[in-house]
Amino acid sequence: MIGKTISFLIASLVAAPILIILSSWRTPMDDVFLHLVTTGLSDVLRNTLWLVIGAAVGTTFLGVSLAMITTTFEFPGRSFFNWALVLPLAIPTYVLAFIAIALFDVTGPVHSQLRAWGFSGLPGMRSRFGIIFVMTMALYPYVYLLARNGFLSTSKRATEVAQSLGQTSASAFFKVILPMTQPMILSGLMLVVMETLADFGAVSIFNYDTLTTTLYKAWFSMFSLDSAAKFSSLLIVLVFLILWIEKKARQRKRYTSSEKQPHPNPRKILKGASRLCAVAYCFIILLIAFMLPILYLLSETFSTLKQDLDLRYFGFLGRSLALSAMAAILIVLSAWVIGLAGRRGQSLIVRLATLGYALPGTILAVGGIIMVTFLDHTLASLFHWDGLFLTGTLCAMMLGYAARFLTLAHNPIESALHRITPHIEEAARSLGLSSFNILKKIHFPLLKSGVMTGALLVFVDVMKEMPITLMTRPFGWDTLAVKIFQFTAEGEWDRAALPAITLVLFSLVPVILLASERSERRLRVGTPTAVIAASQATFAS
Amino acid sequence: MRFIVTLSILFLAVSPAFAEEITLYSARMEQLITPVFDAYTKSSGVKIKFITDKEGPLLQRLISEGADSPADIFMAVDAGMLWKAAEEKLLKPVSSPILSANIPSHLRDPKDQWFGLSVRARTIVFNTQKVNPSELSTYEALGDAQFQKRLCLRTSKKIYNISLVAMMIADLGMEQTEQVVSSWIKNLAVDVFSDDTQVMKAVSQGICDVGIVNTYYYGRLMAKHPDYPLALFWPNQKDRGAHVNISGAGVTRHTKHTKAAIAFLEWLSSEKVQNLFAEVNFEYPVNPKVKPYAKVAKWGTFKQDMINVGNAGKLQIDAVKLMDRVGYK
C-alpha cells in the first residue's frame, strides 16, 4: 500500500511536465496555432511519418540483421563486432547529422571533388532519404542491442525441437527464434521511434520540417508557448497510438521459456564468400556510423585544440559525468519503485510518465520549470520565504531528465521484474524468507542486469542531452553538451568538435559496459533451486 | 527524515553574495562575453554570474520565475527578442543620459527598456569571380530574372532572416515584401541551408553566385579562408540603407541591483569598451563616436536602415506567416 502510494507520487511528479503540456488544450486555439495548422501541416505530418517509418524500418533491418549475424555465425572479428556495433550510441544524433552534412552535402568535400570531375547537380544530403539514413545510423544500436540479447537468451532446445519437426536451421531462426524475440525487438524499436519524434537537433541541421520543428517555431518564432504545447500533445497522442499498436502486436503470444537453463545456440562457422560478406557488412556499418565520425571529429579538434583546450574542460567533463550519474541513480530508483508497484498492470499515470522520451527536451524543460517555480512560489507563500529555493537548483534539471528518460530505466526493469513471478515469491515466503531477504537474494540478482541496462542507458543519454540541461542548469553548471551548443549556436562547428569528441570518448565507457551486459551469461538464478538455496543460506546464518 | 534533509541540502545551491554581483541571462554565447565580463570585474570589482541559452527558453525562464527571478540583465542577439522581452513586461525602463548619448535612437527602445550594444548587418555576399558589383543594387533586386538559380539563402527559421523580413515589412509594406520574398524563392539555386557559413561556402564554390548573410559570419569565414572568392555588398544605399540588427541588453523588471546593472550597460556602451565587445566577433560598435576596428572597417562604410530595430519584434509573427505563405522554408 505504501509502495503503491510512493509509486503514484513519483509517477505523478515525473508525469507532471507532460500533464502541464496536455493542459494547454484548456485554452482555445490561438491564431498562431490556426496559422500553422492551415499552412503546411500536412507536409509536416507527412515528413514526420516518413521519418519515423523510415527510421523504424532501417533500424529494424540493420539491428536485427546485425544481431542475427553476430549471434548465429562465427567469422573473423565476430567477438569484436559483437560489442563494437553498439558504439554509435555514444555519438549524439545532432553531431552525426552535422558530420553527414559537412562531409556529404553540396558544399562538402565529396561533392566538391565530384564537381571537379564533371559531375555537378547531384543531390545533396539534405533530403528525406538523408535524414532517415542519419537517424538509422545513429539509432540502430538500440534495436541491435536488444535483439542481440534476445537471440542470445533463446535456447538451443527451441531450435532442436524445431529442427526435429522438420525445419532447417534457417527457417528455425525465422519461424521460432525471431518471433520469440519479438518483444525485445519491439521495445528497441519503440526507443527508436520515440527518439526520432523528439529529435530537434538533427532535423534542424537538415532543415527538415517535422512536428517537433513546428513546435519550436510556434514557441520561439511566433511566441506562442500555448501552440507549442498543443503540438506536443499531438506528439503524445501519436506516441500513445504507436504504443497501443505495439501492445496489440505483443499480446497474443507467450514468451517465457520453460527452460531451467537455456543453452545458447552454437554458432555456425562461415566459409568463403559468406564469411567475406559478413565481415564486410559489419565493418561497413561500423565505419559509417562510428569510425568515420570519430575521425572527422578528431581532425577538426586538432585545429582548435590549442585555442580552446584549457583547465575548464575538466569542469565541463566532471559536471557532465556527475549529472549523468545522479540522473542514472535517481531515475533507476524511481523506475524500480514504480515497477514494483505496477506489477499487476500499469496505471495510466505511469504510462504517461514514460512518454517523455518522445517529447523534445525543451518542452519538457518548460514543463519542469513551470512545475518547480510553482512549487517554489507555493512553498514561499506557505512559509513566508523570500525568493526562490528550488528553481535554479538541480531539482528542475533532475525532474526534466526523469520526465524525459524514465522509460529507458522503466522498460528493462519492468521486464526483469516480470521474470520474478508471484510463484517464486510465494515459494520463498513459504520457506521462511523475510521480505528483506527476498529482495536481497531473489530480486537483486534477477534485477541486476535490468538495473544496469537502465542505468547505463540513462547515463549515456544524459551525457548527450542538451535542451533540458541548457534551460534548467544552475549557474556555473556548464557541461560538455552545453559547450557544444554554445559553439554550434554561433555556427562554429569546428570548435564544437573538441567538446563533442570528449563527450563521445567518455560515453564510450558506459556504452561498452552496456554492450557487454548479458552478452554470454546464462540464466542461473530464478529457478526453484535458487530459491531453496537462498532460504537455506538464511537459516544457516 | 534526516535522509530527506540531507538530500535537500544536496540539491539546494545556497550561495551567499559577498562581493557585489550581477546576474545575467544571455543569448550571446559564453565565448563572446567572458572576455568582456572579466574585463569589467577587473576594472570595477563587480562579479558577473550568468547563464546562456537561446532567447526563447531564457524568456520562458524569466516569465516562470516572475518577481523572484535572480536575473538583473537580459542580453540577446536579436532586436526582435529584446522587443518581445519588453512586451512581456520583463524589462524595466531605464533613464540614463549616458546610454541615450552613446546609443543612436534607432538602435534602442523608444521606451528605454533595451539598448543595442553592437551592430551587425545582414547584407549581400557575392562570388567575386562570377559577379560584378555593378550587377547588384538592392535586396529586392535579388528576385530579378538575372539572378535566376543564382541565389542561396539560409532557412526562414533563423531569427536573423525573420528580422530581415520584418524590417522589410516595416519599410515596404506587407504586399511588396511578399512579392520580394516570393521572387527570392523562385531564384534559389538549391534548397535553403541551415546556416550562413554553408551559404557562403556554396557561393564560394559556385553553386550559387549571391547570398544574404550576417557580416560577422563573413568575417569569421574569411579569417579562416582568406582565399575564398567572396566579398560583401551593401544594398539599398540609394534608398533606405542596409538592414542592421543588434546584440543588446536590458535591465530586468524585478532586478534587485538596478544601479549596478545600469552601470554595467553604461560601461559596455562607453567608448573604450565598445570595440572590446564587438571585436571578439567581427561586429560594429553601436556608439557613433567609436570607429569600427580595422578588420571590420576594411569592408567599407555603409548607410544603415534608420528605422527602429524594435520593428523586427513587432512584425516578427507577420514575417513568419509571410514566409510560410510564400513557401520559404
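This is a predicted model: local features need pLDDT of at least 70, side-chain atom pairs count only at pLDDT 80 or more; totals for chains, interfaces and linings use all residues.
Strand E8 of chain B covers residues 243–251; strands (E, at least two residues) and helices (H or I, at least four) are DSSP runs, numbered from the N terminus. Nine of its nine residues are buried, so E8(B) is largely enclosed by the rest of the structure. Buried here means that 20 or more other C-beta atoms, placed from the backbone, lie within 10 Å of a residue's own. His243(B), Asn245(B), Ser247(B), Ala249(B) and Val251(B) point one way, with Val244(B), Ile246(B), Gly248(B) and Gly250(B) pointing the other. E8(B) runs antiparallel to strand E4 (residues 115–127) of chain B, with seven bridges between them, and antiparallel to strand E3 (residues 73–76), with four; pairing takes at least two DSSP bridges.

Stepping back, chain B has 14 helices and nine strands. Its radius of gyration (over C-alpha atoms) is 21 Å, close to the 20 Å from the globule rule (2.2 Å times the number of residues to the power 0.38) for 329 residues, so chain B is as compact as a globular protein of that length. Of those 329 residues, 54% are buried.

Chain B splits into domain 1 (16–119 + 245–296) and domain 2 (121–243 + 313–325), with bounds from an automatic or database domain assignment. The C-alpha centres of the two domains lie 28 Å apart. Across the boundary, 13 residues of domain 1 are in contact with 13 residues of domain 2, contact meaning C-beta atoms, placed from the backbone, within 7 Å. On the domain 1 side, H4(B) gives the largest share, six residues.

As for the two chains, 42 residues from chain A meet 42 residues from chain B. H17(A) contributes the most to the chain A side, with six residues. That side has 21 nonpolar, 16 polar and five charged residues, where Ala, Val, Leu, Ile, Met, Phe, Trp, Tyr, Cys and Pro count as nonpolar, Asp, Glu, Lys and Arg as charged, and the others, Gly among them, as polar.

How values were computed:
Residues are numbered from 1 along each chain as its sequence is written. Chains are lettered from A and ligands numbered from 1 in the order in which they are written. A residue is buried if 20 or more other C-beta atoms lie within 10 Å of its own, exposed if 12 or fewer, and partly exposed in between; C-beta atoms are placed from the backbone.
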